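Here is a short briefing on one protein model. Please look over the sequence and the structure before reading on.

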Amino acid sequence: MRRHGTMTREEACDMLWSLYLISGAPMYEAPDYDSVQPWPYKDERDNDIAAKSRVISALSIIDTKQISRNLGIHEQRLKHLHAAYAAAIIKRLKSLHLPDFGKKETALKDEIIRSHPANPDGNVIGSDIKDYEWTHRWNNLVTFSSRNSMYHSYVSKIMEKRFIPMLVKYFPDQAGEVVKYIRKAGYGDGEVLDLIDRTAGYNSNTAYLYQGKSGEEHRKKLQRKQSGE
């Protein structure tokens, strides 16, 4: 998409269909954290999450003017399509994240260690583990915890920072459209301005999103926070 030259109609169609299919593809059907079934995806732990993230990164750099000319459709339709793709991906990952899981992870690990037949006293176990069901249970807990953290980190560190600037670029002076897709991505009304703060921030390009009573109150609150009050 960054290469020189004009993308052909066929290339543009292939690209948009590929992004659509990756956006809608199911996540890994991973065993639950207390399962004794082996992890079914050899040497893969987060490729599904990373693929979703790459879709949003790709959408954020697509030249919608060029693609709309190639496909012969209105550019605004493409913008709405891209925003819907990105919102659906973020909503899906947010729904999978368990924010409080870390609080019980230590207890779960201790329970698994104590449950090993060769370790009745709960001491640390060496790497020579013969009990395969126990091993799968331990690995699934570690993998579940890792993926749970990745859901949050991919959304907060990558996807949000592509998504909000993309919406601002697509819908200048159309606060309703920006807020609509933020809600579609799974954010509540009370989260909208905080999300904009930590991604695009308040500036001349985003000032229209802070209009109205709630926006004014939020800006004052932000100013007080910045001044250390």
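The model is predicted. Its largest nonpolar core has 48 residues. Helix α6 (residues 132-170) gives the largest share of that core, 11 residues. The structure also holds nine salt bridges.

**Packing of α6 and α8**
- Helix α6 packs against helix α8 (residues 192-199) at an angle of about 100°, and their axes are 9 Å apart.
- That angle makes α6 roughly perpendicular to α8.
- On the α6 side, the contact uses Glu160, Lys161 and Ile164.
- On the α8 side, it uses Leu195, Ile196, Arg198 and Thr199.
- These contact residues split into three nonpolar, one polar and three charged.
- Within this contact, arginine 198 and glutamate 160 form a salt bridge, with their closest N and O atoms 3.1 Å apart.
- Arginine 198 is in α8 and glutamate 160 in α6, so this pair ties together parts 38 residues apart in sequence.
- Glutamate 160 is buried, at 4% relative accessible area, whereas arginine 198 is partly exposed, at 46%.

**Nonpolar cores**
- In the largest core, Ile67, Phe163, Leu167 and Ile182 touch the most other members.
- Elements giving two or more residues to this core are α1 (9-24), α2 (47-61), α3 (64-71), α4 (75-96), α6, α7 (175-184) and α8.
- Setting aside residues up to four places away in sequence, phenylalanine 163 touches Ile56, Ala83, Ala86, Ala87, Ile90, Tyr181, Ile182 and Ala185.
- A second, separate core has six residues, including Tyr33, Ile112, Trp134 and Leu141.

**Asparagine 140**
- Asparagine 140 sits in helix α6.
- Its relative accessible area is 3%, so asparagine 140 is buried.
- Beyond its neighbours within four places in sequence, asparagine 140 contacts Pro31, Asp32, Tyr33, Ser35, Val36, Gln37 and Trp39.

**Other salt bridges**
- Arginine 137 and glutamate 111 meet through their side chains at 3.2 Å, N to O.
- Arginine 137 lies in α6 and glutamate 111 in α5 (residues 101-115), so the bridge ties together parts 26 residues apart in sequence.
- Glutamate 111 is partly exposed, with a relative accessible area of 38%.
- Glutamate 75 pairs with lysine 79 in a salt bridge, the closest N and O atoms being 3.7 Å apart.
- These two residues are four apart in helix α4, so about one helical turn separates glutamate 75 from lysine 79.
- Glutamate 75 is buried at 17% relative accessibility, and lysine 79 is buried at 12%.
- Shared partners join Lys65, Glu75 and Lys79 into one salt-bridge network.

Technical notes:
Residues numbered from 1 in each chain as written. Predicted model: local features only at pLDDT ≥ 70, side-chain atom pairs only at ≥ 80, totals over all residues. Heavy atoms only, no water. Axes fitted to C-alpha atoms, helices over the stretch in contact; angles between N-to-C directions. Parallel < 35°, antiparallel > 145°, perpendicular 65-115°, else oblique. Contact = heavy atoms within 4.5 Å. Nonpolar A, V, L, I, M, F, W, Y, C, P; charged D, E, K, R; others polar. Core = buried A, V, L, I, M, F, W, Y, C linked by side-chain atoms within 4.5 Å. Buried < 20%, exposed > 50% of the residue type's maximum accessible area, 1.4 Å probe, protein only. Salt bridge = Lys/Arg side-chain N within 4 Å of Asp/Glu carboxyl O.
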